[in-house]
Amino acid sequence: PAFLTQHEVGLACPACGEAFPVVDDTPLVMRDLDAWLRSELPLVLARRDIPSAAWQRLVRPVDGPVRRSDRLLWTYANSLDGPMQARVAEVLAADPAPGVELGCGIGGHGHTGLVGLDSDWMLLSQYPGQRVLGDALDPPLPAGCCQRVVSLNLLDSVTDPDLLLSQMHALLAPGGRLVLASPFSWQDALTPPRQQRSPEAVHGWLKAAGYAVKIEEHDWPLRHPRFVANLRGVLFLARRG
């Protein structure tokens, strides 16, 4: 991020003095980086020159972040050919404004003009554009810095959807464009029921914040090793007034 300065560790915040390491050209910028590293450090330190088959054998007995990230990576890598994915890729290709993708995963749309931000190291390492490891609910970016903000399959996977909407709004410059897609497939273990929002509520939030909004719906298959979830996703294409 442009507001960080060079440091012997990697980058540093001139305001608070905190240093953030850079690994594989990816800054690790979390408010509580030590807490994140306590569970994710094995992934960060993994060598990149081990062949995939050997890597799978080495980590097979390992639970925790390796197994979790491996399952997610398989799901996203095998779920790139649905109508929703194709429509998002079309939207981004037609209007390649610079910006950020929150909860970017592997960036299966193939667009390279965005900065991908995610807290999952293995998914983020596959992102096709520039990358920053960070929290989508606390993005390490200044207000109004983006001409475009993208968020796909994230809204129903965070603890506070309203906060995510507020962060996306804060990042967008006036006239900026928002691409927000969600299947609204809520899980109480991830998002408390009182925080869960309907597509109509999200539309109302965007309208109240001054956005011109276009809404589309598309089939959105997500493949898992033992089943396929055939979801119906809602796509919000919005411009900030």
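Me: How do I read the packing of helix α1 against helix α3 here, and at what angle do they pack?

Reply: Start with the general idea. Two packed helices are described by the angle between their axes and by the distance between those axes. Now the case in hand, bearing in mind that this is a predicted model. Helix α1 (residues 33-44) packs on helix α3 (residues 65-77) at about 65 degrees, and their axes are 9 Å apart. That makes α1 roughly perpendicular to α3.

Me: Which residues of α1 and α3 meet?

Reply: From α1 you have Ser39, Glu40 and Leu43, and from α3 they meet Pro65, Val66, Arg68 and Ser69.

Me: On to the sheets. What is the strand order in the open sheet of seven strands?

Reply: Read it as β7-β6-β5-β8-β9-β11-β10, with mixed pairing. β7 (130-133) and β10 stand at the edges with a single partner strand each, so one side of each has no neighbour in the sheet. On average, neighbouring strands of this sheet are turned by 20 degrees against each other, direction ignored.

Me: What lies across β9, β10 and β11?

Reply: That's α7, which runs at about 145 degrees to β10.

Me: And which residues of helix α6 are buried?

Reply: In α6 (residues 161-171), the buried ones are Pro161, Leu164, Leu165, Gln167, Met168, His169 and Leu171. Their cover includes the strands β5 (99-102), β8 (146-152), β9 (172-182), β10 (211-224) and β11 (227-240), along with helix α7 (199-208).

Me: What about the sheet of four strands, and what is its order?

Reply: This one is also open, ordered β1-β2-β3-β4, and its pairing is antiparallel. Its edge strands are β1 (5-6) and β4 (26-27), each pairing on one side only. Strand β3 (residues 19-23) is joined to β4 by two bridges, and Val22 stands opposite Pro27 in β4.

Me: Between β3 and β4 there's a loop with Asp24 in it. What is the phi of Asp24?

Reply: It's near 50 degrees, a positive value in a residue other than glycine. Asp24 counts as partly exposed, at 37% relative accessibility. Compare Phe184, in the loop between β9 and α7. Its phi is also near 50 degrees, again positive in a residue other than glycine, but Phe184 is buried, with a relative accessible area of 12%.

Me: Staying with the loop between β9 and α7, is Thr191 buried or exposed?

Reply: Thr191, which sits in that loop, is buried, with a relative accessible area of 0%. Leaving aside residues up to four places away in sequence, Thr191 touches Asp156, Val158, Thr159, Pro161, Trp186 and Gln196. You've met Pro161 already, as one of the buried residues of α6.

Me: For contrast, is Pro96 buried or exposed?

Reply: Pro96 is exposed, with a relative accessible area of 53%. Look for Pro96 in the loop between α4 (83-94) and β5. Pro96 and Gln147 are 51 residues apart in sequence, while their C-alpha atoms are 9.8 Å apart in space.

Me: Last topic, the cysteines. How many disulfides does the structure hold?

Reply: General idea first: a disulfide is a covalent bond between the sulfur atoms of two cysteines. Here the count is zero. For Cys13, the nearest cysteine sulfur is that of Cys16, 3.7 Å away. The cut-off for a disulfide is within 2.5 Å, and Cys13 is in none. Cys146 is in no disulfide either, with the sulfur of Cys145 nearest at 3.4 Å.

Me: How accessible is Cys146, and does Cys13 count as buried or exposed?

Reply: Cys146 is at 3% relative accessibility and counts as buried. Cys13 is buried too, with a relative accessible area of 14%.

Terms used: Residues are numbered from 1 along each chain as its sequence is written. This is a predicted model: local features need pLDDT of at least 70, side-chain atom pairs count only at pLDDT 80 or more; totals for chains, interfaces and linings use all residues. Side-chain values use heavy atoms; hydrogens and water are left out. Buried means under 20% relative accessible area, exposed over 50%, partly exposed in between (1.4 Å probe, protein chains only). Contact means heavy atoms within 4.5 Å. Two strands pair if DSSP finds at least two bridges between them. Axes are lines fitted to C-alpha atoms, for helices over the stretch in contact, and angles run from 0 to 180 degrees between N-to-C directions. Angles under 35 degrees count as roughly parallel, over 145 as roughly antiparallel, 65 to 115 as roughly perpendicular and the rest as oblique.
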